[in-house]
Amino acid sequence: MKKFSALAVSLLIAATTLSAKEFVSIGTGGMTGTYYPVGGAICRLANKNPDIRCSVESTGGSIYNVNNVLKDELSFGFVQSDVVYDKYNGVGKFKDKGDKNLRAVMSIYPELLAFVVSKSSNIKSYTDVKGKNINVGNPGSGNEFTALIVFDEYGIDVDKELSHRGVLTAQESPMALKDKKIDGYFYMVGHPTANITDASNSLPIDLISVGEKEADAIIAKYPYYAKGTIPSGLYEGIDHDTLTVGVKAVLVTSKNQSDEAVMAVVNSVLENFQEYQNLHPALKLVTKESLLEGLSAPLHPAAQAAFEKAGIIKK
């Protein structure tokens, strides 16, 4: 009887401990992109905290993540800074559908638009796309949104001047490029990414630069964009720097998310920062200060407190 009582007590303690854990999820993107492995890296660090159980989910990307974070179906989500801005303010693709419950947690890394083309397409610049089969991006994606902005700056009407306007996801695009179903595709992502590496290992590819004048004009119209360079040598056969435009990948949550979960996620990065930087090549150039750059929604109060405690935000 005593043995049974001791067992019952230990099971009760275990059950109490388990129920005390807070289970959180991070919505990311496709498995060949950068969101998914970086989200997994953050979860691994967060899981060092005994009170948190973090899991990573592969999702459709920014728009899916921001909507489902606000429905409390995801605890956190990776979202491009332009999408964060539009959703919080109810403009652009979220006109009259804004939500002031959106909160930023931290900036992750810069995401730069890559226009990936097969060398056999003979596309050397954006002006060479007329009559070509180009995968602009799946409807509502950040890839499509930014690609259309660049095309607009070049005065290209994609519905009239492309031979085919593709709507594949970025994950489907390398195979379509290899099979010659498309001549090029867009991917807004942290670099390097397995997606473009896979494409470059399958066939000769090139990356197309945005002109300096066009990039400056885009930034003047959309202040959440910035110029950036995809360095030479990141991908097989690409021996030149590629000037382009980009945004920040931002980790977001809702104002309803618990202070404990937000604090645990932010502290997991701040307290293990060197390990964090080494978890993915896209994080190599990130600094603790850059975690606060490009945020286009208010910080969650618990994130604010964590950054203040670390001395990154002055009280």
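# Reading contacts, cores and backbone geometry

Me: Which residues in helix 5 meet which residues in helix 9?

Reply: Ile149, Val150 and Glu153 of helix 5 meet Glu214, Ala217, Ile218 and Lys221 of helix 9. Contact means heavy atoms within 4.5 Å, while helices (H or I, at least four residues) and strands (E, at least two) are DSSP runs numbered from the N terminus. By class, this contact has four nonpolar, no polar and three charged residues; nonpolar covers Ala, Val, Leu, Ile, Met, Phe, Trp, Tyr, Cys and Pro, charged covers Asp, Glu, Lys and Arg, and the others, Gly among them, are polar. The model is predicted: local features need pLDDT of at least 70 and side-chain atom pairs count only at pLDDT 80 or more, whereas totals for chains, interfaces and linings use all residues. Residues are numbered from 1 along each chain as its sequence is written, and side-chain values use heavy atoms, without hydrogens and water.

Me: At what angle do the axes of helix 5 and helix 9 cross?

Reply: Axes are lines fitted to C-alpha atoms, for helices over the stretch in contact, with angles from 0 to 180 degrees between N-to-C directions. Those of helix 5 (residues 142-153) and helix 9 (residues 212-221) come within 10 Å and cross at roughly 120 degrees. The two helices are therefore oblique to each other, a class left over after roughly parallel (under 35 degrees), roughly antiparallel (over 145) and roughly perpendicular (65 to 115).

Me: Which residues touch the most other members of the largest nonpolar core?

Reply: A nonpolar core is a set of buried Ala, Val, Leu, Ile, Met, Phe, Trp, Tyr and Cys residues joined through side-chain atoms within 4.5 Å; buried means under 20% relative accessible area, exposed over 50% and partly exposed in between (1.4 Å probe, protein chains only). Of the 53 residues in the largest core, Ile42, Met106, Ile108 and Phe307 touch the most other members. Helix 10 (residues 259-270) supplies the largest share of this core, seven residues. A second, separate core of 26 residues includes Ile149, Val150, Ile218 and Val247.

Me: Where is Asp72 found, and where is Lys180 placed?

Reply: Most residues other than glycine have a negative phi, and most peptide bonds are trans. Asp72 has a positive phi near 60 degrees and lies in the loop between helix 3 (62-70) and strand 3 (76-80). Asp72 is partly exposed, because its relative accessibility is 48%. Lys180 also has a positive phi, of about 60 degrees, in the loop between helix 7 (173-178) and strand 7. Lys180 is exposed, with a relative accessible area of 69%.

Me: Is the peptide bond from His191 to Pro192 cis or trans?

Reply: That bond is cis, with omega near 0 degrees. Pro192 sits in the loop between strand 7 (184-189) and helix 8 (194-202).
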